[in-house]
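I wanted a quick pass through this one, with notes on whatever I looked up along the way. Here is the structure I had open.

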Amino acid sequence: HPEVDLEEILRMKGKRTEKTCEWILRQESYTRWQESDGFRFLAIEGAPGTGKTILATFLVEVLRASPQRHFAFFFCSARDTRHNTALAILRGLLYQLARPNEAPRIWERVCDAFEVHNPPRLGIFKSFAALWQVFTDILLDPFLGQFVFLIDALNECNEKERDLFLQGFQRLQQDYNSRHVRLKLIITSRRSCYLKPLSFDLSDCVRMDKNNVMNDLESVIKAGIDKLGFQKFYPHIMKGVMHDTILAKSDGNFLWVSLALQQLSRVDATEALTLVQGIPRGLPEFFDQILRRTPTQDLAIVRFLLHFGIVTRR
């Protein structure tokens, strides 16, 4: 259930720091996407740890607030086969669209398709091709208005599954005039090359680079240092030095910052500044340092937790 997945992501990552992610709303490419009434695609790309998933949760919050369109989202995950296949994505989108009280016309279409494919009763839900036909019929219904979809971390699916999903949208993009398909799609991914089946202009891509995320990163660091400072009684001057040191070393990476703050939470104020100054730049170097300081008997669990951190904070 995508809503449950969203709640779990927010629980794991914590509440979004106030005012972060709002920069996306001022991006020219996002504005063009938002104002479009036909078929429009927006790619959001960024390296691991640059905040794509948190940005996606923010966009879910923004986009679902509009009652004039049908909205659905999906968070992919390489760790779970229920979240990394084309069929899983399609099921998740249709599950959100087909709500009898909010969208009875869509609900009726899905129910009709269910009856046509009997028996077996659940066969349609196991076939991507059958579900895609239902999905396409819904998108092309002129009485249903606009559809908006957000797919996070599509790179977590393997190439075969990504292509299967994207080629369906590619056919919609090629075979139908934009006035027939009122569809807008946002996909986040590590690299836009993962989205190659879809044709799109480079101006339709937002990059999670330092220029875009630095203000958010400063806010996250400040909030983290303020919280630790309150708990551990950091002097005011010390908090400023620690903030600047973490920011300078972070290289625009939220995962690096998160790990640094976790390390700080384990020491008292007298050791904090020395610890921060000793943390290396770059995630691989930071991981190596953590592993070198880990007792042999704990290495397996620490490696697992670091890997889990990479996946959950992608």
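This is a predicted model: local features need pLDDT of at least 70, side-chain atom pairs count only at pLDDT 80 or more; totals for chains, interfaces and linings use all residues.

For these notes I call a residue buried when its relative accessible area is under 20%, exposed when over 50%, and partly exposed in between.

**Entry 1: overall look.** I started with the chain as a whole. My tally of secondary structure is 13 helices and five strands. Of the 314 residues in the protein chain, 50% are buried. I then looked up the accessible surface, which comes to about 16,000 Å², with 53% of that belonging to carbon and sulfur atoms. Next I checked contacts between residues at least 6 apart in sequence, and 76% of them join residues at least 24 apart.

**Entry 2: cysteines.** How many disulfides does a search of the whole structure find? I got zero. I went to Cys-157 to see why: the closest cysteine sulfur, in Cys-76, is 4.0 Å from the sulfur of Cys-157, too far for a bond. My cut-off for a disulfide is 2.5 Å between the sulfur atoms. Cys-157 has a relative accessible area of 2%, so I put Cys-157 down as buried. I looked up Cys-205 as well, and Cys-205 also counts as buried, at 8% relative accessibility.

**Entry 3: helix H10.** I wanted to know how much of helix H10, residues 254-264, is covered. Ten of its eleven residues are buried, so I noted helix H10 as largely enclosed by the rest of the structure. The buried set includes Phe-254, Trp-256, Val-257 and several leucines, among them Leu-255 and Leu-264. Ser-258 and Gln-263 are on that buried list too. At the start of H10 I found Asn-253, whose side-chain oxygen comes within 2.9 Å of the backbone nitrogen of Leu-255.

**Entry 4: salt bridges.** I count 13 salt bridges.

First I took Glu-61 with Arg-16, whose side chains meet at 3.8 Å, N to O. I have both ends as partly exposed: Glu-61 at 48% and Arg-16 at 22%.

Then I turned to Glu-28 and Arg-32, where the closest N and O atoms of the salt bridge are 3.2 Å apart. Which helix holds Glu-28 and Arg-32, and how are they spaced in it? Both are in helix H2, four residues apart, which puts about one helical turn between them. That spacing made sense to me, because an α-helix has 3.6 residues a turn and residues three or four places apart point the same way. Glu-28 is exposed at 58%, whereas Arg-32 is partly exposed at 26%.

My next stop was Asp-226 and Lys-239, a salt bridge at 3.6 Å, N to O. Here the partners belong to two helices, Asp-226 to H8 (residues 210-232) and Lys-239 to H9 (residues 236-250), so the pair ties together parts 13 residues apart in sequence. Asp-226 is partly exposed, with 30% relative accessibility, and Lys-239 is partly exposed at 21%.

Last, I noted a network: salt bridges link Arg-105, Arg-109 and Asp-141.

Methods
Residues are numbered from 1 along each chain as its sequence is written. Side-chain values use heavy atoms; hydrogens and water are left out. A salt bridge is a side-chain nitrogen of Lys or Arg within 4 Å of a carboxyl oxygen of Asp or Glu. Buried means under 20% relative accessible area, exposed over 50%, partly exposed in between (1.4 Å probe, protein chains only). Contact means heavy atoms within 4.5 Å. Accessible areas come from the Shrake-Rupley method with a 1.4 Å probe; for residues, only the protein chains shown count as cover. A polar contact is a pair of N or O atoms within 3.5 Å; within protein, one must be able to donate a hydrogen and the other to accept it, and residues adjacent in sequence count only if both atoms are side-chain atoms.
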